[in-house]
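Okay, thanks for coming, everyone. Let me put the structure up and then talk you through some ring contacts and a bit of sheet.

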Amino acid sequence: IYRHNTRVVKTMVGKWVKFAIAACILFDGCVCQYGSPCSTAQNCTDPSAPHCAIYFVDSSGGLNTRSYTDTTPDPRDLDARGVCVECQTDCDCGVSKYCGLGEWTIPKVASKNTGTAGAKSDIEYRTKMKAIELYGTAFLNMRIRSRCFDYSPPSGFCSVHYNTPSATIVPQKNADGSTTSSLRIANRNVTRSVEGRFCGKVNSWAPAFYSCSVSGGMSQDIERCSGGVNDADLTTGGMFQTAATCPQWAGYRDSTIGEVFANPACNQDDGFFTGGGFSFQSPAVDFVGSCIAGTCQVCKDGDTRCMSPSDGGIPQLCIDGRWRGYRGNGLFRFDLGQNGVQYHVEAQATLSAAVFTALCFAAMLCNVYVGVATLRGNERERERVRFNEKMEAMAAENSPIVVRNASSAVNSPIRRPSVVSLASPLQAASSKALSLPPSPFPSLSLP
């Protein structure tokens, strides 16, 4: 009885949890956190996961007809499936952060279309639905860009940025036994041999063979997977030991619809995967730094990112090997470093222009200071000369004049008649205070 009651309680709790999740999806009344399903950005209400990353769109419903024989269109809405994530590009993150692979993985996906999907027979319809299902198996548990991380470039000695571009021809065997050659080009090829000298973070390395999942009543007859895990038909070819993301292959075979196979190829760089309604990115390399004089940096001085309004996020400029918020030209005394500037032409030119402008401004200030000092000195000199001249004139007015009479042997000092002044008493007192005593030298005699 106890066990029965426990199972009943667990069942009821599970149903209520599912009901709450369904209510969150149908209504915008709750917060859809990281990893919650969505179909538009409006479904992602949590500020920590505001973006809806669409990874699967089933458009087969738009091809529906009334029946396999009646071609009158009977379309259904697109079935878009996404997930609420923290970011989709580096610009969605903060300054000096990047958008990398998160913990969320692609779930099992199958089409919900119960119409004709544009097929002319039931076998054709089942084949289309099986192809979507097999791609869902191939991409199962693959990760996408969804989380923001701090940069952590390797601290050891570096010597490579990226190897030269590579072009690899990989043979693939078709269901009818024929072989098709597939050309795969990688502009940024990183091999396992340079892993320790590479300025970046590698998520995965390509294996020697694809893994293969088969099903159906005649799965043993699927030739591409019949040889086991080391079947030559499953080789990744020149992708082996390179930085790449490789999905698994999936096949189905029975006596009714025959063989259906999904064989998406490994991808380097950002790893863009499509097929069966899927469309998403699963990068093999999370971020790529810059190797400067044997030292890894997050970025190359002078580079910019998120500058266009369409990019979103915060405009950033690379200074001293790391991203900083873009403020004008980005050159400030507290954030311009010397490390790496000598290896970057743009940084040298910008720094030279800034230094030249500063020197010109300093020279202009020096010239202004010298000019003002010279004018003030000349003005003081003119004031001193005027003062001395005034003092000499006032002294001359108050000194006695001795006139010698030819008929008299006595010198009679004659003073100049005083001049009646109409000046104020204050000016008179001032003049008296400035008068000098009589000259001690002998008076002059007129002949």
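Predicted model: local features only at pLDDT ≥ 70, side-chain atom pairs only at ≥ 80, totals over all residues.

Phe 139 and Phe 273 make an edge-to-face pair, with 5.9 Å from centre to centre and 65 degrees between the planes. Edge-to-face here is because the angle is over 60 degrees. Now, where do these two sit? Phe 139 is in the loop between helix H2 (122-138) and strand S5 (143-150), while Phe 273 is in strand S12 (residues 272-275), so the pair ties together parts that are 134 residues apart in sequence. And are they buried or exposed? Phe 139 is buried, at 0% relative accessible area, and Phe 273 is buried too, at 2%.

Okay, stepping back: how many aromatic pairs are there by this rule? The count comes to 14. Another of them is Tyr 55 with Trp 104: the ring centres are 5.3 Å apart and the planes sit at 55 degrees, so this one is tilted. It links distant parts of the chain as well, since Tyr 55 belongs to strand S2 (residues 51-58) and Trp 104 to strand S4 (residues 97-105), 49 residues apart. Tyr 55 has a relative accessible area of 6%, so it counts as buried. For Trp 104 the value is 13%, and since the cut-off for buried is under 20%, Trp 104 counts as buried as well.

Next, charges over rings. Arg 147 lies over the face of Tyr 34, 3.7 Å from the ring centre. Then there's Arg 224, which lies over the face of Phe 261, also at 3.7 Å from the ring centre.

Last stop, a sheet. Three strands make up an open sheet, ordered S9-S10-S11, and the pairing is mixed. Which strands are on the edges? Those are strand S9 (212-215) and strand S11 (258-262), each pairing on one side only. On average, neighbouring strands in this sheet are turned by 15 degrees against each other, if you ignore direction. If you zoom in on S9 and strand S10 (residues 249-254), you'll find them paired in the parallel sense over four bridges.

How values were computed:
Residues numbered from 1 in each chain as written. Heavy atoms only, no water. Phe/Tyr/Trp six-rings, centres within 6.5 Å; stacked < 30°, edge-to-face > 60°. Helix = DSSP H or I, 4+ residues; strand = E, 2+ residues; numbered from the N terminus. Buried < 20%, exposed > 50% of the residue type's maximum accessible area, 1.4 Å probe, protein only. Lys NZ or Arg CZ within 6 Å of the ring centre and 35° of its normal. Pairing = 2+ DSSP bridges. Axes fitted to C-alpha atoms, helices over the stretch in contact; angles between N-to-C directions.
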